[in-house]
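Let's take a walk through this structure together. Keep the viewer open as you read.

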Amino acid sequence: MRGLEQQHYTNSKDNVYLEDGNLVIEATNRKVEDQYDVTQGNTTRKVIYDSGSVRTHGKQEFLYGRIEMKAKLPKGQAVFPAFWTLGSDFTLDGKVTQGIGWPDSGEIDIMELIGTGTGGGANGNKQVYQTLHYGTNGNDEGKYAGNGTCYTLPSGIFNDDYHVFGINWSKGKIEWYVDDQIVRTVDYSDDLRALECIDRPQYIQFNLALGGAWPGAVSDNLAGTKFEVDYVRYARNDQQQKDADAFYANSYKINGEKDVTMTEGDMPDLLAGITVDEGTVVDYSIDDEPMFSNVGGNTKVSNVCAGKDDQEALKSLKPGTYNLYYTVYEKGNTTAARTRREVLLTVEERIFEKDLEKSGLELNGFVGDTLDTIKLPEGWVFENPKEKITKDTKEVSVKYSGIDGKVGTALINVQERAQIIAGENSKYDVKDSKPLKITMNVSKGNVLKVFVNGKELDTKYYTIENVSNKVNIILSEEYLKTLDNGEYTIKITSTLGNVETVFTVSNSKDDNTNQKPTTDKRDDANNKTNNVTTTVVKNTTQKSTKTGDQTPVELLTMGCLVSLLAIIILKKKKVF
């Protein structure tokens with residue numbers, strides 16, 4: 001609906017549909033509960049009809065050439081069908097922040113009919129209008145702007161049969177025709193502002209309005225009125241093609257645009273992958289037209305995100321489908337045509353289970369801990385983070401901090417924390433030739449790494465074996481025999497927590513204090529022969545090779561030998 005028009009444009013198949021090869025726009029009565037008033041100046045009218053409007057914006061644009069439509073037009077009081085174009089960089093009535101406003105973006109009215117009544121008089125159903133609109137800063141004041149011409153059908157009305165309405169558009173010049181007759185020609189090549197506003201890419205639109213400031217008020221019997229379009233055609237001659245190619249060769253370039261999918265609550269960089277010419281600016285706007293609803297009075301399409309600096313609006317988008325408009329322009333340049341590309345933006349609902357799956361996290365909780373010890377996917381928090389985990393804990397509530405009212409349910413895998421149930425403070429004696437075993441209340445899959453005195457142990461030095469609902473960590477004999485006597489700290493990390501204990505290594509065969517004294521067998525034999533017992537003390541001190549440098553032990557030994565020799569000599573000399 002625009003101005004004092006009395007129709008509400010819908011996305012209903014009751015108002016826009018295909019039938020027998022035609023595109024049909026049909027007016028229907030608007031439900032009483034959805035009717036509303038519109039006011040312009042001192043005039044107020046009620047919107048009592050539903051209708052349709054079709055455009056090629058974002059799908060196909062046109063520059064120069066022959067654009068024509070074959071259609072059967074509606075009839076009635078203030079019926080207002082139109083076939084027209086607007087600049088492809090138009091703001092879409094404020095839906096695109098980076099666009100050019102009306103009429104600076106240019107408008108070509110190929111055909112307008114206003115029916116009988118206040119504006120059209122008695123001949124309104126047999127007359128069509130041809131008009132240009134352009135200007136500066138929102139003022140429709142160009143040399144050839146407004147004041148269109150009117151063509152009157154020689155006989156009958158335009159609802160009797162199909163007619164062809166079109167333009168032949170060349171650089172700086174437009175010819176309007178109805179059927180095979182040229183009905184208006186405008187050469188605007190002498191008007192720089194016309195060249196700036198009109199000679200730029202345009203999109204086509206055709207719609208069935210009812211009433212308005214120009215046609216006047218509608219009657220209340222127009223439900224079922226149809227605007228039937230047989231075809232729309234487009235073609236260029238060689239010169240028009242050449243001029244269009246030259247324009248696009250010098251226009252602002254954009255590449256990399258494509259449909260985008262994001263998750264509710266995120267703030268993705270929607271300009272990532274978009275490339276433009278050096279010295280130009282690219283930005284975007286988002287509207288909710290794909291989710292437009294006909295119900296609820298004066299429903300409208302809204303700009304829901306004004307661009308890269310409106311990140312909070314992007315973050316706040318509800319799940320659904322949106323139009324995403326990329327616009328490239330030169331900063332400060334309000335005359336050159338801007339380049340526009342349209343894609344779809346899909347916002348998926350944020351669901352806890354999906355975020356959990358993407359994160360790869362496991363919601364393992366230990367009995368006795370609080371819920372906030374469990375890591376959740378980014379943005380999610382527990383509603384009661386200090387709640388203690390018990391053996392009966394299972395489903396708990398979570399919420400997404402960035403979206404008001406967004407909640408979910410987390411399924412907690414409750415587990416007992418890892419504990420050593422056998423082998424704590426073990427002692428290992430090398431002579432026993434047994435491995436060292438530590439038993440834990442976890443399974444083999446839970447064990448991560450084994451450390452001894454802070455150094456990670458190579459897996460070739462230990463084995464892990466499952467035994468019922470527990471696991472044995474076994475240090476090999478090969479490894480243990482490499483250790484010196486003493487106490488060692490062993491740490492075992494697992495998905496259920498870490499455990500730590502000590503073990504002691506005792507290698508008795510290397511302990512010199514436990515060795516027994518040895519005796520000299522030869523001296524022992526001599527002692528027995530002479531009935532003398534001598535204790536031999538093992539000398540552990542290195543002897544000197546110098547004369548007179550004997551140790552006290554050596555001196556004592558020599559003294560004993562001398563005494564023994566003297567006794568033997570004396571016995572031999574004794575006379576019986």
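The paragraphs below look at a helix and then at a sheet.

This is a predicted model, in which local features need pLDDT of at least 70, side-chain atom pairs count only at pLDDT 80 or more, and totals for chains, interfaces and linings use all residues. Residues are numbered from 1 along each chain as its sequence is written, and side-chain values use heavy atoms, with hydrogens and water left out.

Start with helix 2, residues 238–249. Helices (H or I, at least four residues) and strands (E, at least two) are DSSP runs, numbered from the N terminus. At the start of helix 2, the backbone nitrogen of Gln 239 has a side-chain oxygen of Asn 237 within 3.2 Å; a polar contact is a pair of N or O atoms within 3.5 Å, one able to donate a hydrogen and the other to accept it, and residues adjacent in sequence count only if both atoms are side-chain atoms.

Gln 240, Asp 243 and Ala 244 are the buried residues of helix 2 (buried is under 20% relative accessible area, exposed over 50%, partly exposed in between, with a 1.4 Å probe and protein chains only). On the face turned away from them sit the exposed Asp 238, Lys 242 and Ala 249. Strands 9 (65–72), 14 (163–170) and 18 (226–235) are among what covers the buried residues, where contact means heavy atoms within 4.5 Å.

Finally, find the open sheet of five strands, ordered 32-39-38-34-35 with mixed pairing. Strand 32 (426–429) and strand 35 (455–456) are at the edges, each with a single partner strand, so one side of each has no neighbour in the sheet. Two strands pair if DSSP finds at least two bridges between them. Strand 38 (residues 486–494) runs antiparallel to strand 39 (residues 499–506), paired over seven bridges, and Gly 486 stands opposite Val 505 in strand 39.

Conventions. The expected span of a helix is 1.5 Å times one less than its number of residues.
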